[in-house]
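Subject: Structure handover and findings

Hello,

Here is the structure for your files. My notes on it follow below.

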Amino acid sequence: KKLAEDPDIYQKLAGSIAPSIFEMDNVKKGILCQLFSGANKQFAKGQRDGFRGEINVLLCGDPGVSKSQLLQYVHKLAPRGIYTSGKGSSAVGLTAYVTKDPMTGEMVLESGALVLSDRGVCCIDEFDKMNESTRSILHEVMEQQTVSIAKAGIVCTLNARTSILASANPVGSRYDTSK
């Protein structure tokens with residue numbers, strides 16, 4: 001209760017995110033807002049579905065400014081945090097894949113990073129190095145908060161109500177101040 005009445009609570013909470021990383025106060029405040037997220041807005045029956053409360057963040061900056069360390073910290077802090085690298089990620093690894101169960105021989109669906117981080121945060125490092133076709137998978141997740149699967153006779157829609165925290169380097173790995 002004492003903490004809730006503290007007028008400087010926002011600054012204290014932001015300072016507690018990755019305390020070993022100095023400066024970057026505005027970035028830490030943005031990540032704090034993402035972690036607390038918003039409230040889902042529902043409308044009356046017959047109207048639109050509503051608004052999602054999850055916030056998606058892209059950190060873009062020169063190499064060596066602690067983007068990856070922030071992602072590592074957040075994925076450990078968030079209760080359902082998943083960390084993945086954009087360079088090694090595939091569309092299947094982010095969504096879901098079908099495999100044969102060794103015991104029963106039946107086809108089963110295995111969840112990927114976005115489905116596993118439902119109601120949590122999916123941290124994607126090296127977003128700029130991700131394949132364009134893999135990146136396009138994220139559109140449905142960020143807009144509808146679902147992953148649609150139609151593989152090996154399995155057709156379903158999985159919940160992926162996740163916030164995405166991604167980091168990327170600028171084109172050419174450095175900002176070009178002349179442009």
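One definition first: buried means under 20% relative accessible area, exposed means over 50%, and partly exposed is in between (1.4 Å probe, protein chains only). This is a predicted model, in which local features need pLDDT of at least 70 and side-chain atom pairs count only at pLDDT 80 or more, while totals for chains, interfaces and linings use all residues. Residues are numbered from 1 along each chain as its sequence is written, and side-chain values use heavy atoms, with hydrogens and water left out.

Overall picture

The protein chain has six helices and eight strands. Helices (H or I, at least four residues) and strands (E, at least two) are DSSP runs, numbered from the N terminus. Along the sequence the pattern reads α-α-β-α-β-α-β-β-α-β-α-β-β-β. The C-alpha atoms fill a box of roughly 55 × 45 × 35 Å, taken along the principal axes. Of the 179 residues, 32% count as buried.

Contact means heavy atoms within 4.5 Å. Among contacts between residues at least 6 apart in sequence, 61% join residues at least 24 apart.

The chain exposes about 11000 Å², and carbon and sulfur atoms supply 54% of it. That area comes from the Shrake-Rupley method with a 1.4 Å probe; for residues, only the protein chains shown count as cover.

Charges: there are 21 positive and 19 negative side chains. Lys and Arg count as positive, Asp and Glu as negative; His and the chain ends are not counted. The centres of the two sets lie 3 Å apart, with each charge placed at NZ of Lys, CZ of Arg, CG of Asp or CD of Glu.

Cores

A nonpolar core is a set of buried Ala, Val, Leu, Ile, Met, Phe, Trp, Tyr and Cys residues joined through side-chain atoms within 4.5 Å. The largest has 18 residues. Leu114, Ile124, Phe127, Leu138 and Ile164 have the most contacts inside it. Helix 5, strand 5, helix 6 (132–144), strand 6 (146–151) and strand 8 (163–168) each give two or more residues to this core. A second, separate core of 15 residues includes Ile31, Leu32, Leu70 and Leu71.

What does Ile164 touch, not counting residues up to four places away in sequence? Its partners include Gln34, Ile55, Val57, Cys122 and Met142.

Val57 is found in strand 1 (residues 57–60). Beyond its neighbours within four places in sequence, Val57 is in contact with Gln34, Ile164, Leu165 and Ala166. The C-alpha atoms of Val57 and Gln34 are separated by 7.6 Å, with the two 23 residues apart along the chain.

Loops

Asp118 sits in the loop between helix 5 (113–116) and strand 5 (121–125). Is Asp118 buried or exposed? Asp118 counts as buried because its relative accessible area is 9%. Leaving aside neighbours within four places in sequence, its contacts are Arg80, Asn159, Ala160 and Arg161. Its C-alpha atom is separated by 9.7 Å from that of Ile82, 36 residues apart along the chain.

Arg119 is found in the loop between helix 5 and strand 5. Phi of Arg119 is near 65 degrees, a positive value in a residue other than glycine. Most residues other than glycine have a negative phi. Glu23 also has phi near 65 degrees. Its place is the loop between helix 1 (9–16) and helix 2 (25–36). Glu23 is exposed, at a relative accessible area of 61%.

Salt bridges

A search of the whole structure finds four salt bridges. The term needs a side-chain nitrogen of Lys or Arg within 4 Å of a carboxyl oxygen of Asp or Glu. Three of them are described here:

- Lys12 with Asp6: the closest N and O atoms are 2.5 Å apart. Lys12 is partly exposed at 47% relative accessibility, whereas Asp6 is buried at 17%.
- Lys129 with Asp128: the closest N and O atoms are 3.5 Å apart. Lys129 is partly exposed at 37%, and Asp128 is partly exposed at 32%.
- Glu132 with Arg135: 3.3 Å, N to O. Both lie in helix 6, three residues apart, about one turn of the helix. Glu132 counts as exposed at 53%, and Arg135 as partly exposed at 22%.

Best wishes
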